[in-house]
Amino acid sequence: MENDPVAERFSSIAWALDERLRRIVAAGEAKAIGRGGISSVSRSTGVSRRAIHAGLKELQDHPQDPTPRRIRRPGAGRKKISEADPSLMSDLESLVEPETRGDPISPLRWTTKSLRSLAEELKAMGHVVSHTSVGILLQELGYSLQSNAKTLEGGKHPDRNAQFAHINAETSSRLERGEPVISVDTKKKELIGPYKNNGRTWRPKGDPEQVNVYDFIDPELGRANPYGVYDLASDSRWVSVGTDHDTAAFAVATIRRWWLSVGSPAYPNATELLITADGGGSNGSRVRLFKLEIQELVDEIGIPITICHFPPGTSKWNRIEHRLFSFISMNWKGQPLVSHEVMLNLIANTKTKSGLTVKAELDSSSYPTGIKVSDEEFSSINLVRHSFHGEWNYSIHPRGS
């Protein structure tokens, strides 16, 4: 406004004013003008009438001491977008879940949609949100940007998606009933000794950790086999570090250790146990010894165990991969695993902001390889195959039941 002294004075100092000072200066001008001052100053300065009224109240109630005060009262200011739009989080999650890598199944969340495309879809649903805010909300929901470099391990089985749906149905029904559901797998075998471990750590400049030039196995220290158990219901983790071979007997021994130490006390009224596992390795769907060892465990604990294997070429979808093993790898990056004790400590001290804790134990038992299960031994297993892909999905009941 031309020749407006209020506007001139205000514009000359506006660069130095924060939100609180803007309303107080405007309120002072309005008070000096008197009647009609609020409207006049609002037109001259662009400060809202509501803010000027708030400034007048602050001038009236100003403290006697010059102690700095808050610019806004506690709780004031812009609300979080998820609070201002209560349905935003649920709508975002509904968009992310159908794009879960492999299948739109809730226990298998691994999104690949871009932030901009998610923001556009949310806008189409009536939400006002930017792609930057979508990224923040995804982090609050527990998602992270995942690489897809090694998701294809073989040919795609025609019933792959149907198997994911079957796993989800089995998992969801048991979680709703309060039954235990665990995901199991073996982490990559690690050399024990002064060997290079990928990653970097802070050290004095020019003083890197000294490790062996060649990765030849130390015959005395050998390798370590970390086998993990992830409890989906309680979000707890267990790792057994084996010093011998990664066999089916070792896999089931780890499950037994978890059940006796954690599972049984946590689920005293359990009537069954569901295990999701890869289709290959020591706990593979075609490993006879794994089924025989599970039978012995079932006879010990007195409740049936149902096994659901992931279809061929999808081991990276096993939830334990990105809920346990990835955090362990991040925790010990750049740390040479010079002994089994060091490995145990690094695993047990793996933590996240969300409250991840891991229990770890050393298993120094011997697990010889090459054990054959005869047809007679295999026929003694009380195994009930599911109607859908019984080679992947089956239940083992106590013998005599």
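Reply: Glutamate 170 and arginine 174 lie 4 residues apart in helix H9 (residues 160-177), about one turn of the helix; helices (H or I, at least four residues) and strands (E, at least two) are DSSP runs numbered from the N terminus. The model is predicted, so local features need pLDDT of at least 70 and side-chain atom pairs count only at pLDDT 80 or more, while totals for chains, interfaces and linings use all residues. Residues are numbered from 1 along each chain as its sequence is written, and side-chain values use heavy atoms, with hydrogens and water left out.

Me: Which residues are joined into one network with Glu170 by salt bridges that share partners?
Reply: A salt bridge is a side-chain nitrogen of Lys or Arg within 4 Å of a carboxyl oxygen of Asp or Glu. Glutamate 170 and arginine 174 form such a bridge, with their closest N and O atoms 2.7 Å apart. Both residues are buried, where buried means under 20% relative accessible area, exposed over 50%, and partly exposed in between (1.4 Å probe, protein chains only). Through shared partners, Glu170 is joined with Arg174, Arg177 and Glu272.

Me: How many residues apart in sequence are the parts that arginine 9 and glutamate 29 tie together?
Reply: The closest N and O atoms of this salt bridge are 2.9 Å apart. Arginine 9 is partly exposed at 41% relative accessible area, whereas glutamate 29 is buried at 16%. Because arginine 9 belongs to helix H1 (residues 5-13) and glutamate 29 to helix H2 (residues 19-33), the pair ties together parts that are 20 residues apart.

Me: Which helices hold glutamate 58 and arginine 23?
Reply: The side chains of glutamate 58 and arginine 23 meet in a salt bridge of 2.4 Å, N to O. Both of these residues are buried. The pair ties together parts 35 residues apart in sequence, since glutamate 58 lies in helix H4 (residues 49-60) and arginine 23 in helix H2.

Me: Is valine 213 buried or exposed?
Reply: Valine 213 is found in the loop between strand S2 (190-191) and strand S3 (223-231). Together with Tyr214 and Phe216, Val213 makes a nonpolar surface patch of about 430 Å². Patches are made of residues with over 30% relative accessible area and no salt bridge, like charges being joined within 9 Å and nonpolar side chains (Val, Leu, Ile, Met, Phe, Trp, Tyr) within 5 Å. With a relative accessible area of 72%, valine 213 is exposed.

Me: What is the relative accessibility of histidine 389?
Reply: Histidine 389 is located in the loop between strand S8 (383-385) and S9. Its phi is near 45°, a positive value in a residue other than glycine. Histidine 389 counts as buried, with a relative accessibility of 17%.

Technical notes:
Areas by Shrake-Rupley, 256 points an atom, 1.4 Å probe, with all protein chains shown as cover.
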